[in-house]
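Me: I am new to reading protein models. Can we go through one together, feature by feature?

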Amino acid sequence: MKGPAPFDELASALEKAKATTSKKEKVATLAEYLKGLAPEEAQVAARLATGKTSERGSKDEAQVGYSTILDSIKEVTGASSKEVSAAYLRHGDLGEVAEELLSSKKAQTLFAEPLTLADVEVASSKLRSSKGSGATARRRAVVKSLILRATPVEGKYLVKALTGEMRTGLVTGLLEEAISQAFSAPREEVARAHMVLGDIGLLAKTVAEGKVGEVRIEPFRPVNFMLAEPMASASEIAEHFEKEVYAEYKYDGVRAQVHRRGGETRVYSRRLEDITTSFPEVVKALSGVKQDFILDGEIVPFAEGRPLPFQLLQRRLRRMEGFAEAAAKAPVNFFAFDILLRGRKELVGMALSERRRQLREILAGAEVPMAGSMVVKSEAEIRSVFDESRALGYEGLVVKDPGSVYTMGKRGSGWVKLKEELDTLDVVIVAAEYGHGKRARVISDYTFAVRDGGELKTVGKAYSGLTDQEIGEMTAKLKKITLKDFGYRRSVTPEVVLEVAFDSIQKSGRHDSGYALRFPRIKRIRTDKSLEDIDTLKRVEEIFSSQKLKIEG
Ligand code: ATP
């Protein structure tokens, strides 16, 4: 029997994968490494390799803030704050800071047992469960005990995994491929299983056990949602489909999957978190249905036949104090638009027209409305349902191909969306400043970025769109996740996602993306999205060229 898998081997594999720009080599390196692991070890390794320390959707995050890590590095290596800052400026990556400082560490821990994957998992689970008073000190002790035992390269990848910033270029798709290669499982089957399981760790374990073919959609294990491709106009949509399609209202709320098994109902968010307790009336509204199911739809603040502002949902989602009051102020409706499972039968592979028929049948006994929908074909028809949707207070349309299957986790061209603005982008805050005048005491100016491969590139700065209360909460949050405080300006850990609307995009030397959004305004804080969900520089370039065409046209 082999002994427990050393962490050192994962660190070396990641180091090797990072060093090459070839995707093929990255995949081969990881595959070679994963091959030698037992299923439980593959689960931990695959998660760590993608900068995750807990199951996707788990409410308990093991991720650790920069300050906890910095303090631990200082304590273990004896480096001063000045030395740490200098190293950070040199590398711009906390993992590399750990590596450098650990290499020059004076007192190497003698006789320390080498770290194993299992040790890191035990530590992660301690981090996940340490909450409440004294949690900061406990978390720091856990991180310190790990770093104390780490070699420089281990320290680098521990820190990267704990902060969720791997920067190895091993995106999820490549890791999926590595898992498929390592255990000789068909790539397609692995991809499908990943969508159903929703978690790279569970995927690695299942594939390693040789059970990839047995993965089924099941209640209480949420799957990744199907997404819609943005389009700029009704004419573009008419041209894209060139046939009769369903134009559904685009409701402005939170996307939700509702699962039922036996007598129990649970509600999951887009991040696959269990949000059942935030929406008791959704559970109640479906109590008349006597079969198991998984439904997809949107929870919308709604009263007297009209949608209410989306912001009203925030309190309910976070289940902050005053929940009952917030719930009374923001009653909700769940508008169902899809069904993924009925009884024990998977419906995702069936055409949307059939899924809708089944959805209608199952909802017959429930107080849950189906999303408003019309059959349309021409540009004029699409335009007219769009105007109707806007007049009713909705955001626009999601237009769907009746023949399309449900592609989990994909922005398929079977669903396209049409909104009012030129477009919106999901961006992450990377830096922030205090405002002026009555906002001089709150952090109200946010510099934001999009993704470009493994890097973040800034595209603009926004200071309008949030309520005073939201700005207050944002101020507290940004202080907590500050990386470096320059007085009136600060850089922050990139984790707060904003949806911004804008009038146009210009080329600009002001931001390192080379572009700047004109008149950006914050539409909302996207607590349902994380760093990996934000838009890319490629998308910015696409919008830039499409608007150019429009202006020239
Ligand atoms: P957005 O920011 O535009 O809501 P998104 O990135 O959250 O987009 P997309 O898949 O790109 O997600 O856009 C479709 C979104 O619209 C869904 O995630 C869902 O929350 C919402 N939506 C509202 N009504 C519908 C509907 N009838 N069918 C599908 N999605 C709908």
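Me: Which residue forms a salt bridge with Glu100, and how far apart are the closest N and O atoms?

Reply: Start with the general idea. Side chains of opposite charge can pair when their charged atoms come close. Bear in mind that this is a predicted model. Here the partner of Glu100 is Arg90, and the closest N and O atoms are 2.6 Å apart. Arg90 sits in helix H5 and Glu100 in helix H6, so the pair ties together parts that are 10 residues apart in sequence. Arg90 is exposed, at 54% relative accessible area. Glu100 is partly exposed, at 26%.

Me: What is the salt bridge count here?

Reply: The count comes to 43 salt bridges. Take Arg47 and Asp199 as one case: their side chains meet at 2.9 Å, N to O. Arg47 belongs to helix H3, while Asp199 is in the loop between H11 and H12, so this bridge ties together parts that are 152 residues apart in sequence. Both residues are buried.

Me: Which residue forms a salt bridge with Lys250?

Reply: Glu395 does, with the closest N and O atoms 2.7 Å apart. This pair links distant parts of the chain, 145 residues apart: Glu395 is in the loop between H18 and strand S10, and Lys250 is in strand S2. Buried means under 20% relative accessible area. Glu395 has 8%, so it counts as buried. Lys250 is buried too, with 15%.

Me: Which residues do salt bridges with shared partners join into one network?

Reply: Asp93, Lys160, Glu165 and Arg167. Keep Arg167 in mind for the next feature.

Me: What is the phi of Arg167?

Reply: General idea again. Most residues other than glycine have a negative phi. Arg167 is not a glycine, but has a positive phi of about 50°. Look for Arg167 in the loop between helices H9 and H10. Its relative accessibility is 40%, so Arg167 counts as partly exposed. Glu242 is another case, also with a positive phi of about 50°. Find Glu242 in the loop between helix H13 and strand S2. With 64% relative accessible area, Glu242 is exposed.

Me: How many residues of helix H3 are buried?

Reply: First, how a helix turns. An α-helix has 3.6 residues a turn, so residues three or four places apart point the same way. Now the case. In H3, 9 of the 11 residues are buried, so read this helix as mostly covered. Among them are Val44, Arg47 and Leu48. The buried residues of H3 pack against several helices, including H1, H2 and H7.

Me: Where is Met226, and is it buried or exposed?

Reply: Met226 is in the loop between helix H12 and strand S1. At 2% relative accessibility, Met226 is buried. Now look for contacts beyond its sequence neighbours. Not counting residues up to four places away in sequence, Met226 touches Arg255, Val405, Tyr406, Thr407, Gly409, Lys410 and Trp415. Check Gly414 as well: its C-alpha atom and that of Met226 are separated by 9.5 Å, although the two residues are 188 apart along the chain.

Conventions: Residues numbered from 1 in each chain as written. Predicted model: local features only at pLDDT ≥ 70, side-chain atom pairs only at ≥ 80, totals over all residues. Heavy atoms only, no water. Helix = DSSP H or I, 4+ residues; strand = E, 2+ residues; numbered from the N terminus. Buried < 20%, exposed > 50% of the residue type's maximum accessible area, 1.4 Å probe, protein only. Contact = heavy atoms within 4.5 Å. Salt bridge = Lys/Arg side-chain N within 4 Å of Asp/Glu carboxyl O.
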